[in-house]
Amino acid sequence: MTSTARITTYLDCVSPYSYYAFTFLNKHRAALDSHGVKVDFVPIFLGAVNVATGNQPPWKLPAKAAYSAIDVHNAKRYFGLPALKRPSVFPIPTIKPQRGLIYIKSHFPEETYLEAFRLLWVSLWEQDKDISQESQLRETWSGLFKEGELKNIIEATEEEEYKNALTENTNEAVKNGAFGAPWSVVRNAKGEETRYFGSDRFHFMWEFLGIGDGAGFVPSPKAVL
């Protein structure tokens with residue numbers, strides 16, 4: 001009996017590497033779906049992951065911070081994104097926008113949820129908006145939701161249900177071995193699971209899922225016979 005193949009990727013909009021992984025996986029969802037592989041993006045609070053695991057974010061380590069400039073250049077070229085610039089207020093607490101995403105995921109179509117997630121990275125990393133502030137968060141999502149819908153989303157970020165949901169997502173990520181973001185838990189059709197950190201190990205994912213030989217970075221759609 002085969003199991004449903006799935007990529008569950010834990011993300012926080014404070015992480016540019018989460019942006020890269022989201023962009024790439026979202027771009028190739030159709031190809032993955034043709035192989036029966038579902039993709040699920042799960043909002044977490046990266047700050048709590050760092051505390052739970054003792055991890056140090058890259059900007060706290062001078063050598064990693066210096067190397068990030070090279071990474072940004074490579075990512076711009078490969079993932080087709082604008083050159084990201086470090087926000088003037090950074091790091092920011094992303095609890096409010098991440099809780100908002102959980103509400104959106106449960107109340108709106110998938111494509112709306114994915115666009116809401118994408119817009120957070122655009123606002124923070126491309127437009128230098130402090131999306132931890134309600135006014136900037138409202139502005140970020142104002143073109144995607146009606147005023148009443150946006151009001152409900154913002155109010156939900158202070159409700160216990162969504163506070164608890166973000167905590168549960170984060171704890172789940174840590175339980176699954178996460179020490180940073182993006183963190184992906186991948187299950188193949190045999191029901192076997194493994195984990196990947198970062199935004200540059202997709203070729204290993206395809207090999208594990210049985211849809212590639214471990215050499216190709218971009219998944220090819222399944223051939224129709």
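Trainee: Why are α5 and α6 called roughly antiparallel to each other?

Mentor: In this predicted model, the axes of helix α5 (residues 95-107) and α6 cross at roughly 165°. Angles over 145 degrees count as roughly antiparallel, so α5 and α6 are given that name. Their axes come within 9 Å, and α5 passes α6 in a right-handed crossing.

Trainee: Which residues make the contact?

Mentor: On the α5 side they are Pro-97, Gln-98, Leu-101, Ile-104 and Lys-105. α6 supplies Tyr-113, Ala-116, Phe-117 and Leu-120. The residues of this contact of α5 with α6 divide into seven nonpolar, one polar and one charged.

Trainee: What makes α1 roughly parallel to α4?

Mentor: α1 and helix α4 (residues 62-79) pack at an angle of about 15°. The cut-off for roughly parallel is under 35 degrees, and the angle of α1 with α4 therefore meets it. The axes of α1 and α4 are 11 Å apart, and the crossing is left-handed.

Trainee: What does each helix bring to that contact?

Mentor: From α1 come Tyr-17, Tyr-20, Thr-23 and Phe-24. From α4 come Ser-68, Asp-71, Val-72, Ala-75, Tyr-78 and Phe-79. By class, the residues of the contact of α1 with α4 are seven nonpolar, two polar and one charged.

Trainee: Why is Ser-132 counted as buried?

Mentor: Buried means under 20% relative accessible area. Ser-132 has 16% relative accessibility, so Ser-132 counts as buried.

Trainee: Where is Ser-132, and what is Ser-132 in contact with?

Mentor: Ser-132 sits in the loop between α6 (110-126) and α7 (134-141). Leaving aside neighbours within four places in sequence, Ser-132 is in contact with Ile-92, Pro-93 and Lys-96. Ile-104, one of the α5 residues in the contact with α6, is 28 residues from Ser-132 along the chain. The C-alpha atoms of Ser-132 and Ile-104 are separated by 17 Å.

Trainee: What does UniProt list for "active site"?

Mentor: The UniProt record, an unreviewed entry, lists Ser-15. Ser-15 lies in the loop between β1 (5-11) and α1 (16-27).

Trainee: How do you know whether Ser-15 is buried or exposed?

Mentor: Its relative accessible area is 4%. The limit for buried is under 20%, so Ser-15 is buried.

Trainee: Which residues does Ser-15 touch, not counting those up to four places away in sequence?

Mentor: Ser-15 touches Leu-46, Trp-121, Trp-125, Ala-181 and Pro-182.

Key. Residues numbered from 1 in each chain as written. Predicted model: local features only at pLDDT ≥ 70, side-chain atom pairs only at ≥ 80, totals over all residues. Heavy atoms only, no water. UniProt positions renumbered as here; feature names shortened; annotations may be inferred. Helix = DSSP H or I, 4+ residues; strand = E, 2+ residues; numbered from the N terminus. Buried < 20%, exposed > 50% of the residue type's maximum accessible area, 1.4 Å probe, protein only. Contact = heavy atoms within 4.5 Å. Axes fitted to C-alpha atoms, helices over the stretch in contact; angles between N-to-C directions. Parallel < 35°, antiparallel > 145°, perpendicular 65-115°, else oblique. Left-handed = near helix turned anticlockwise from the far one by under 90°. Nonpolar A, V, L, I, M, F, W, Y, C, P; charged D, E, K, R; others polar.
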